[in-house]
Amino acid sequence: MAQRDNNSGSSAGLSGAGLRVGVVVARFNEKVGEGLLAGCTAELAKLGVNASAIRVVTVPGALEIPLALQKLANTGKFDALVALGAVIRGETYHFEIVSNESASGITTVALDSGVPIANGILTTENEAQAMARVAQKGVDCAQAAVEMANLMKKLGADQ
């Protein structure tokens, strides 16, 4: 039978004790970003991540998030990173460009650096949809960051 690594399907059993987490938040759609950040940091604390081990960096918008994540990842000081922000559809093609390119950049940084990144950039049709998702998405990102940081440590120790 194959060995299976299953960290947990819920926050129960997830431990952030000793982890260092970097969070990059876009200021564009600031109310949404602040809501995401509040949910994320509250959940990180609940999971045992020390407040002094969380670094929050703000950037102008979603397109600037990958570069800030890359800088944080390259320091070697973080076990996981979180990207938070919102891209809300407007009347132009710009929505697709920002959504797609920010997601692509985040994935590239994670794969190039080996540092897990929880992508909490909401892409919604309007602000009401974004606000309906902020609290839960922030929590989900904190949980994903902790779970993936622990998994990366375990997989590294297995070698």
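The model is predicted, so local features need pLDDT of at least 70 and side-chain atom pairs count only at pLDDT 80 or more, while totals for chains, interfaces and linings use all residues. Residues are numbered from 1 along each chain as its sequence is written, and side-chain values use heavy atoms, without hydrogens and water.

**Strand β1 and its cover**

- Strands are DSSP runs of E with at least two residues, and helices are runs of H or I with at least four, numbered from the N terminus.
- In a regular strand, the side chains alternate between the two faces of the sheet.
- In β1, V21, V23 and V25 lie on one side and G22, V24 and A26 on the other, and all are buried.

**Neighbouring strands**

- Strand β2 (residues 54-59) runs parallel to β1 and is joined to β1 by 6 bridges; two strands pair if DSSP finds at least two bridges between them.
- I54 in β2 is the bridge partner of V21.
- Strand β3 (residues 80-88) also runs parallel to β1, with 5 bridges.
- L81 in β3 is the bridge partner of G22.

**Helix α4**

- L155 is located in helix α4, which covers residues 127-157.
- L155 counts as partly exposed because its relative accessibility is 34%.

Key: Buried means under 20% relative accessible area, exposed over 50%, partly exposed in between (1.4 Å probe, protein chains only).
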